[in-house]
Amino acid sequence: MENTIHVIGGGLAGAEAAWQAAEAGASIILHEMRPKRATFAHRTDGLAELVCSNSFRSDDWQNNAVGLLHEEMRRAGSLIMRAADAHKLPAGGALAVDREGFSAAVTAALSAHPRIVLAREEVTALPASGNTIIATGPLTAEALAADIAKAAGEDHLAFFDAIAPIVHRETIDFSVAWFQSRYDKKGPGGGDADYINLPLDEAQYKAFVGALLDGEKTDFREWEKTTPYFEACLPIEVMAARGVDTLRFGPMKPVGLMDPRTGVRPYAVVQLRQDNALGTLWNMVGFQTKLKHAEQVRIFRTIPGLANAQFARLGGLHRNTFIHSPRLLDGQLRLKARPHLRFAGQVTGVEGYVESAAIGLLAGRFASAEALGLPCVPPPPTTAFGALLGHITGGASPTTFQPMNVNFGLFPDLPPGKRIKGKDRKQAMSERALADLADWLGQKEAAE
Ligand SMILES: Cc1cc2nc3c(=O)[nH]c(=O)nc-3n(C[C@H](O)[C@H](O)[C@H](O)COP(=O)(O)OP(=O)(O)OC[C@H]3O[C@@H](n4cnc5c(N)ncnc54)[C@H](O)[C@@H]3O)c2cc1C
């Protein structure tokens with residue numbers, strides 16, 4: 001079958017990709033290594049197994065970006081959302097599912113599809129040719145991971161999320177913060193103010209170090225302890241434990257900086273670097289951490305300028321295989337160097353069940369359009385699909401790229417004249433997204 005699409009990995013992304021491509025009319029072979037080969041986290045041989053929580057997070061499409069992504073997926077005929085809705089459990093505004101019923105429904109639908117063949121086998125190398133989607137997830141088996149590293153370049157495949165918290169710029173207090181690079185060095189864009197700086201005096205710094213040491217942490221799991229690389233990106237609280245001045249001579253060093261309010265160098269500084277092309281999200285440089293999420297919010301809001309900070313994502317450090325998509329993938333999720341290979345799911349550097357499935361949905365649609373000789377139209381950037389796709393294929397900073405959940409910071413702002421704040425803004429963005437999605441789905445249907 002010349003136009004057959006090979007989907008490698010039957011998790012959230014691979015299951016959705018196979019479904020979308022088959023529904024569009026393409027023939028699929030879906031390769032899943034379980035039960036022949038296990039991962040650290042999967043417990044069953046079911047497709048789309050949820051490895052941890054059973055929640056798809058908020059289902060509120062008007063006020064929450066992941067809720068909007070649910071709704072867009074439903075409207076695009078998602079199998080994952082169909083199975084989730086059919087196996088929904090009571091969970092307030094969240095969409096929680098019965099994990100066994102959910103996975104069984106996905107497995108049954110894919111197994112029964114006349115254009116899908118399920119092959120229970122491990123794929124150990126990237127196929128040399130043929131329309132292929134790689135959706136092997138954060139626990140990609142070693143042999144394939146090694147081959148991906150070869151194709152991507154060793155530096156472009158990560159085995160750990162070393163995530164520094166990311167802050168919504170509009171929640172930073174600019175009566176305290178200022179823009180400056182150390183020694184006023186010019187940035188890559190020629191700008192001389194690439195960082196946002198937050199100053200700490202001696203008492204504030206010492207209290208902050210004390211809070212890091214006392215804060216509640218999460219432990220590494222046994223298997224994470226044996227995975228290499230995390231010495232290279234130490235959690236901030238581990239640095240703090242090495243001595244009271246370690247951070248002040250490390251990521252919090254104030255050299256080459258001057259607080260414009262006082263005219264003097266601060267005792268210590270927290271720097272934030274731009275994290276997306278829109279300039280709405282800023283990354284706390286060097287602040288990867290194993291502190292529990294609630295502790296991060298409590299402690300980081302004591303930093304001057306961050307009292308009201310909202311975090312697009314909090315810090316973390318855990319095993320996760322992902323490629324540097326902004327450098328490696330084109331706008332249709334193809335590996336630029338080998339365009340017969342597409343990537344989908346968590347391995348592209350999105351984070352979460354729903355985001356992984358959403359990127360699978362797009363990969364399946366793109367791959368089937370190619371197989372069937374149809375035009376491949378990407379979703380508008382104003383939709384949650386488009387915002388997420390744009391982030392991993394170009395919007396994210398290639399130097400600080402780390403896996404990301406969908407959030408409104410990834411969406412282009414409303415047009416001038418329509419700019420509003422808070423809940424109304426999210427609602428207006430969501431309404432715009434669904435209107436633009438309808439055009440996109442209509443356009444695609446027209447093309448088909
Ligand atoms: C321990 C852990 C806990 C997580 N908890 C959550 C959570 O609570 N909530 C949340 O939203 N997200 C969570 N995530 C993140 C992420 O959302 C999930 O991992 C999600 O399942 C990713 O979807 P995926 O399709 O990309 O990968 P997966 O769902 O992992 O699917 C990949 C599939 O590929 C198969 N595979 C791997 N290598 C090969 C190969 N070489 N050949 C053939 N098949 C292969 C695997 O067996 C698997 O079935 C967690 C991740 C991990 C690692």
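**Group meeting: a cavity, a helix pair and some rings**

Okay, let's start inside: the largest cavity is lined by Ile-166, Asp-275, Asn-283, His-391, Ala-396, Ser-397, Thr-400, Phe-401, Gln-402 and Met-404. Keep in mind that this is a predicted model. Sort that lining by type and you get 4 nonpolar residues, 5 polar and 1 charged. How big is the largest cavity by volume? About 40 Å³. And if you ask how many cavities reach 30 Å³ or more, the count is 1.

Next, a pair of helices. Helix 2 covers residues 65–75 and helix 12 covers residues 384–395, and the two pack with their axes 9 Å apart, at an angle of about 110°. Angles of 65 to 115 degrees count as roughly perpendicular, so that's what we call helix 2 relative to helix 12. So who touches whom? From helix 2 we have Ala-65, Leu-68, Leu-69, Glu-72 and Met-73, and they meet Ala-384, Phe-385 and Leu-388 of helix 12. That contact is made up of 7 nonpolar residues and 1 charged, with no polar ones.

Searching the whole structure turns up 12 aromatic pairs. One of them is Phe-208 with Phe-300, a tilted pair with 6.4 Å from centre to centre and 40° between the planes.

Terms used
Residues are numbered from 1 along each chain as its sequence is written. This is a predicted model: local features need pLDDT of at least 70, side-chain atom pairs count only at pLDDT 80 or more; totals for chains, interfaces and linings use all residues. Side-chain values use heavy atoms; hydrogens and water are left out. On a 1 Å grid over the protein atoms alone, a cavity is a set of points where a 1.4 Å probe fits but cannot get out, and a pocket is an open set with protein on both sides within 12 Å along at least five of seven lines; lining residues have an atom within 4 Å of a point. Grid points are joined across faces, edges and corners, and a volume is the space filled by probe spheres set on the points. Ala, Val, Leu, Ile, Met, Phe, Trp, Tyr, Cys and Pro count as nonpolar, Asp, Glu, Lys and Arg as charged, and the others, Gly among them, as polar. Axes are lines fitted to C-alpha atoms, for helices over the stretch in contact, and angles run from 0 to 180 degrees between N-to-C directions. Helices (H or I, at least four residues) and strands (E, at least two) are DSSP runs, numbered from the N terminus. Angles under 35 degrees count as roughly parallel, over 145 as roughly antiparallel, 65 to 115 as roughly perpendicular and the rest as oblique. Contact means heavy atoms within 4.5 Å. Rings of Phe, Tyr and Trp (its six-membered ring) pair if their centres lie within 6.5 Å; planes under 30 degrees apart count as stacked, over 60 as edge-to-face and the rest as tilted.
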